[in-house]
Amino acid sequence: MIFCPWENVVGKVSYRVQQLDVRVETKTADNVFITAVVSIQYQVLKEKVYEAFYSLTNPAQQITAHVYDVMRSQLPTLELDAVFEAKEELAVAVKTALQGTMSRFGFQILQALITDLDPDNRVKQAMNEINASKRMKFAVAEQAEGQKILQVKSAEAEAESKYLSGVGVAKQRRAIVDGLRGSIVDFSAGVEGTSAKDVMDLLLLSQYFDMLRDTAGQNNCKTVFVPSSKTSGDDIRLAMMQSDSAK
């Protein structure tokens, strides 16, 4: 058995999956400053453990530098709204750049995730106000459209109501005319020597007295009916003179 007195442990390397969170602050194409958090999950390759231990002094610093390089070259080409839509593309670009570099040093990049995109607070407030304004505009338009539909339906209902009312009045008048015609025929046949005009005058007089009776029977009635004809003025004057002479 040969004993080597110069053998010793200089360090330990973990094969566990590690995660590094990198915060990158840069600006977009529309000059909005934004802070992005990129999470890198990486692992030491077993077949390249020697390179992983001896090639790099600080692997985390190396990964951070590559993340800065990719993010600060990609984000300035996108506007703020497009940044939120291009998270997957940005993550793929970061992972691709790291895989090509870190694999030579014994590290495998498992995943690159953009876990947070945080613009300036004033920008977020402005975006919320714009969104609220759009929703308010949409709500006002919907409310106006609802009022328009309500008015149209109300007008259609009123027109239908007037039409039906007119139909009812026409049927009522037709029934009255039919009734008067039947009364005239029956009365003329039962009483000899009467004409249609005599019967009509009698019917009108009967309706006149019925109207006076119904009106007088109402509570708090304050209506006065004055007969109107070409001689009504003289009749009223004569009646007033007779009442004055009788005093």
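**Salt bridges and a pocket**

I started with a charge pair: K153 and E156 join their side chains in a salt bridge, at 3.8 Å from N to O. This is a predicted model, so I read the distance as a computed one.

Next I asked myself where the two sit relative to each other in helix α5. K153 and E156 are 3 residues apart there, which means about one helical turn separates them. I also looked up E156 on its own: with a relative accessible area of 45%, E156 is partly exposed.

How many salt bridges does a search of the whole structure find? I got 2. The other entry I noted links K162 and E158 through their side chains, at 3.4 Å from N to O. K162 and E158 are also in helix α5, 4 residues apart, so about one helical turn lies between them. K162 is exposed at 56% relative accessible area, while E158 is partly exposed at 45%.

Then I turned to the largest pocket, which holds about 180 Å³ of space. I listed its lining as D30, V32, L80, D81, V123, M127, I130, N131 and K134. Which helix gives the most to that lining? My note says α5, with 5 residues. Helices α3 (80–85) and α5 (121–190) each supply at least two lining residues.

Terms used. Residues are numbered from 1 along each chain as its sequence is written. This is a predicted model: local features need pLDDT of at least 70, side-chain atom pairs count only at pLDDT 80 or more; totals for chains, interfaces and linings use all residues. Side-chain values use heavy atoms; hydrogens and water are left out. On a 1 Å grid over the protein atoms alone, a cavity is a set of points where a 1.4 Å probe fits but cannot get out, and a pocket is an open set with protein on both sides within 12 Å along at least five of seven lines; lining residues have an atom within 4 Å of a point. Grid points are joined across faces, edges and corners, and a volume is the space filled by probe spheres set on the points. A salt bridge is a side-chain nitrogen of Lys or Arg within 4 Å of a carboxyl oxygen of Asp or Glu. Buried means under 20% relative accessible area, exposed over 50%, partly exposed in between (1.4 Å probe, protein chains only).
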